[in-house]
Structure formats: C-alpha cells, structure tokens
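Please open the model in a viewer and keep the sequence at hand.

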Amino acid sequence: MQTVSLSFFRFPPGFSRLWAFAMMGLARRPMSRIHDIGFWKLCGSGTGEGFTPLPNTAVYAILATWPDLATAKDRLDTTPIFRRYRARATESYTLYLTPTSSRGAWSGTAPFIPQPTQSSGPVAALTRATIRPRAALRFWRREPTISRAIGADPNVLFKIGIGELPLLHQITVSIWPDTASMAHFARADGPHARAIRAVREGDWFREELYARFHVAAATGTWHGQNPLDQLDHAA
C-alpha cells in the first residue's frame, strides 16, 4: 500500500538556513537516486504558519511517495540526504500518510494511489494548486482569511502552508481528529467555502490537486511536541 512521507525541518539562523536554501537545487540529484522513491518534491514555506507569499527561510519540507510504510521509514532513517537534513535542523517532524482519496494533478501527474480504508483516527488533507499569474493577487488576499478560519477551528491538530515556488505554487496541509471534523470544516459556509467558489468562478488555478490521507504514523516534534499528542489529552 502506497505511503506518502511528508517531512518538515526547522533550521537555526545562519549557515544552516543558507544550506537549506541551497539544497532546494542541490538535493535534487541525491533525491532522484534514492532506491524505491516515487514522486517527490522539495518545498519551502511562507512566513508564520506558511500561509503567506513571503518566504520563511527557517522551514523547509520534503514530500515523497514509497511502495509501503516499512520502506518509507527505512529510507528516511538511513538515506544520507534525509540524515543530513535532520542533522542540520533544530527540529524535524515527519508524517507517514496512506492516501484514501485524490483528484487532480500535480506537475501533470497523479502522484497518489488511493486505498479506501475503514481505519479510524486522525486524517490529513492536502491541497496543491498552481495559481494563474493574473489571479495571484486575488488569491493571496483571501488566503490569510482562510488560514485564520482553519486556525480558529478547535478540531484542527496541525496546519502549515508550503510550496515549490513563491506566489504561484501553494500547498496546504492540515490534520484533523477524524473525517467528520474535516468534512464539517470543508462544507461549512465560511471563508473556505467562499474562496472555493471564487476559484471556480474566476478560473484562478491552472492545475490543482485535492487529497485525503489516513495518518499511519508520525515521528519527531513541531514547536516542541507531536501535534497528534493532542488526541491523547482530549481522550
């Protein structure tokens, strides 16, 4: 069953941030040579929690697909490029995700292989869009409002905005306790729903992808904790 790894790295000021920025180009060759890796992307982030067009030089991310969970964990543990990222970072956090639904394209391909599952527990949502240049200003005017709406939802466990290219490529990732809470937010009439209508009516995106996942595992910390630990406190 396909597994998607999504790793986040936070780097301290100084040379480590310069190194991380340079690796957006230099890491491409070693990434492409990893045995069993499928689709992969190197991403930067925006300021704050990533939902702005202003780059955040402290936070970077790597997304990759693997044939199964065991392979994903082994490659992230043992491959030199991932070990170098962790060694440079002051904090890292990795989600291991099982795709349950996916529609749309990313760089002209369908990277995720959905497997319907009855598993309970936390779920993740990922949206990725290539914004048409003529619509970029209108999109980024709406994005902070959407971000505040997600953050104000008491159910959201984790959220971040990342991207391959500032301004024109945007990826949002959020984790929810269950499918019902995620679906309630997506369907509720609010900033998110109004933004979706504006996207459709204005044809803002040249390419878009929407995917949902079961959270199979998580390692590391973000802001000093594993965001999934909130589920234990709420139980």
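Helices (H or I, at least four residues) and strands (E, at least two) are DSSP runs, numbered from the N terminus. The expected span of a helix is 1.5 Å times one less than its number of residues. The model is predicted, so local features need pLDDT of at least 70 and side-chain atom pairs count only at pLDDT 80 or more, while totals for chains, interfaces and linings use all residues. Residues are numbered from 1 along each chain as its sequence is written, and side-chain values use heavy atoms, with hydrogens and water left out.

**Helix H1**

Begin by selecting H1, which has twelve residues. From its first C-alpha to its last, H1 reaches 15 Å, close to the 16 Å expected at 1.5 Å a residue. Colour next by relative accessible area: buried means under 20%, exposed over 50%, and partly exposed in between (1.4 Å probe, protein chains only). Ser16, Trp19, Ala20, Met23 and Met24 are buried in H1. These residues cover an arc of only 155° around the axis, which puts them on the same side of H1; the arc is that of the directions from the helix axis to the C-beta atoms. An α-helix has 3.6 residues a turn, so residues three or four places apart point the same way.

Turn the helix over. Phe15, Leu18 and Phe21 are exposed, on the face of H1 turned away from its buried side. What covers the buried residues of H1? The cover includes helix H2 (28–32), strand E2 (40–46), strand E3 (55–66) and H4.

**Aromatic pairs**

Display the rings of Phe, Tyr and Trp (its six-membered ring), which pair if their centres lie within 6.5 Å; planes under 30 degrees apart count as stacked, over 60 as edge-to-face and the rest as tilted. Twelve aromatic pairs are found in a search of the whole structure. Select Trp19 and Tyr85: the ring centres are 5.1 Å apart and the planes stand at 65°, so this pair is edge-to-face. The pair links distant parts of the chain, with Trp19 in helix H1 (residues 15–26) and Tyr85 in helix H4 (residues 80–88), 66 residues apart. Trp19 is buried at 8% relative accessibility, and Tyr85 is buried at 2%. Extending the selection, ring pairs link Phe9, Phe11, Trp19, Tyr60 and Tyr85 into a cluster.

A charge sits over a ring if NZ of Lys or CZ of Arg is within 6 Å of the ring centre and within 35 degrees of the ring normal. Arg10 lies over the face of Trp222, at 4.0 Å from the ring centre, and Lys73 over the face of Tyr96, at 5.9 Å.

**Nonpolar cores**

A nonpolar core is a set of buried Ala, Val, Leu, Ile, Met, Phe, Trp, Tyr and Cys residues joined through side-chain atoms within 4.5 Å. In the largest, of 29 residues, Phe8, Phe112 and Leu126 touch the most other members. Centre the view on Phe8 and show its contacts (heavy atoms within 4.5 Å). Not counting residues up to four places away in sequence, Phe8 touches residues including Tyr60, Tyr93, Ile160 and Trp222. Apart from this core lies another, of 24 residues, among them Phe9, Met31, Trp40 and Tyr96.

**Two loop residues**

Finally, select Asp36 in the loop between H2 and E2. Its phi is near 80°, a positive value in a residue other than glycine, and Asp36 is partly exposed at 33% relative accessibility. Ser107, in the loop between E4 and E5, has a positive phi of about 55° although it is not a glycine. Ser107 counts as partly exposed, at 39% relative accessibility.
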